[in-house]
Amino acid sequence: MYKNQKVVVVLPAYNASKTLKQTYEEIPFDLVDEVVLVDDASKDNTVQVAQNLGIKHIIVHEKNKGYGGNQKSCYKKALELGADIVIMLHPDYQYTPKLLTAMISIIGNGLYPVVFGSRILGKGALKGGMPLYKYIANRILTFTQNLLMNQKLSEYHTGYRAFSAEVLKKLDFSHNSDDFVFDNEMIAQIFWHNFEIAEVTCPTKYFKEASSINFRRSVKYGFGVLGVSLKYRLCKWGLMKWKVLQN
């Protein structure tokens, strides 16, 4: 626990057998109470590795539900366990678990209700091996999204995220996409409900075993997140209603 607040780390897993052990062993268990792993119909032995590590809460999707669908199961289970602070950590070791302590303390001390690990603050992204086209796309998308949403995030596309239970209970993410755009729909919901997001500099690693979407999926994702920001702006202007922002 952190100051009598229960901390739950959720691991949305897909074919993570080669990196799960390294990720898990760096989690600061002096602060983290529970770990939840949701396996999204992996084709490798991710579940067996998780069991061997002693992970107590393992959920297995018999059919692949997608990245967003995986997170829905993660957050639902974390709240069922009575979490006060929930952190999503990718088990592919692209993001370092060593930042968990800082992210937990920011929420646990009541400074911010949401914390993102940003690959763009500093020079960690390119240094860590982010492909140049992804870096450029990230910067263009983030600039455009900040304009549309009237915000100043350094990036909208990190997968390293921490939430207070209050935030997760407030957001009705059941209507969100089951695909990668889920993350940006959550950001729209966070700002819609006037929650603030803190960012911490996060080193990142790109390597063979780290998950990554291909160019075609990246293009689809790019148009998807722009659509999210545009719908957010139209809702703010009262020109449309969107079920993602209705609660």
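## Cysteines

C235 is buried, with a relative accessible area of 7%. C74 is buried as well, at a relative accessible area of 0%. The model is a predicted one, and the count of disulfides in it comes to 0. For C74 the reason is distance: the closest cysteine sulfur belongs to C202 and lies 18 Å from the sulfur of C74, too far for a bond. The cut-off for a disulfide is a pair of cysteine sulfur atoms within 2.5 Å.

## Helix 3

C74 is one of the buried residues of helix 3. This helix, residues 66-80, is mostly covered, with 11 of its 15 residues buried. The buried set runs through G66, Y67, G68, G69, N70, Q71, K72, S73, C74 and Y75, and also includes A78. The length of helix 3 fits its residue count: at 1.5 Å a residue its 15 residues should span 21 Å, and the end C-alpha atoms are 21 Å apart, which agrees. After helix 3 comes G82, which has a positive phi, near 80°.

## Salt bridges

The whole structure holds 5 salt bridges.

| Pair | N to O distance |
|---|---|
| K21 and E25 | 2.6 Å |
| K72 and D178 | 2.8 Å |
| D179 and K220 | 3.7 Å |

The pair K21 and E25 sits within helix 1 (residues 20-25), where the two residues are 4 apart and so separated by about one helical turn. In general, an α-helix has 3.6 residues a turn, so residues three or four places apart point the same way. K21 counts as partly exposed, at 44% relative accessibility.

The side chains of K72 and D178 meet in a salt bridge, 2.8 Å from N to O. K72 lies in helix 3 and D178 in the loop between helix 7 (165-170) and helix 8 (182-192), so the pair ties together parts that are 106 residues apart in sequence. K72 is buried, with a relative accessible area of 16%, whereas D178 counts as partly exposed at 36% relative accessibility.

D179 forms a salt bridge with K220, with 3.7 Å between the closest N and O atoms. Since D179 lies in the loop between helix 7 and helix 8 and K220 lies in helix 9 (residues 215-236), this pair ties together parts that are 41 residues apart in sequence. D179 counts as partly exposed, at 23% relative accessibility, and K220 counts as exposed, at 52%.

## Helix 6 and the nonpolar patch

On the surface, L126, L132, I136 and I140 form a nonpolar patch, and together they have about 380 Å² of accessible area. Which helix gives the most to the nonpolar patch? Helix 6 (residues 132-149) does, with 3 residues. L132 lies in helix 6 and counts as exposed, at 54% relative accessibility.

At 1.5 Å a residue, its 18 residues should span 26 Å, and its end C-alpha atoms are 25 Å apart, which agrees.

E199 lies in strand 7 (residues 197-201) and counts as partly exposed, at 22% relative accessibility. E199 and F116 are 83 residues apart in sequence, yet their C-alpha atoms are 4.8 Å apart in space.

V38 lies in strand 2 (residues 34-39) and counts as buried, at 0% relative accessibility. From V38 to F223 there are 185 residues in sequence, and 28 Å in space between the C-alpha atoms.

Terms used: Residues are numbered from 1 along each chain as its sequence is written. This is a predicted model: local features need pLDDT of at least 70, side-chain atom pairs count only at pLDDT 80 or more; totals for chains, interfaces and linings use all residues. Side-chain values use heavy atoms; hydrogens and water are left out. Buried means under 20% relative accessible area, exposed over 50%, partly exposed in between (1.4 Å probe, protein chains only). Patches are made of residues with over 30% relative accessible area and no salt bridge: like charges are joined within 9 Å, nonpolar side chains (Val, Leu, Ile, Met, Phe, Trp, Tyr) within 5 Å. Accessible areas come from the Shrake-Rupley method with a 1.4 Å probe; for residues, only the protein chains shown count as cover. A salt bridge is a side-chain nitrogen of Lys or Arg within 4 Å of a carboxyl oxygen of Asp or Glu. The expected span of a helix is 1.5 Å times one less than its number of residues.
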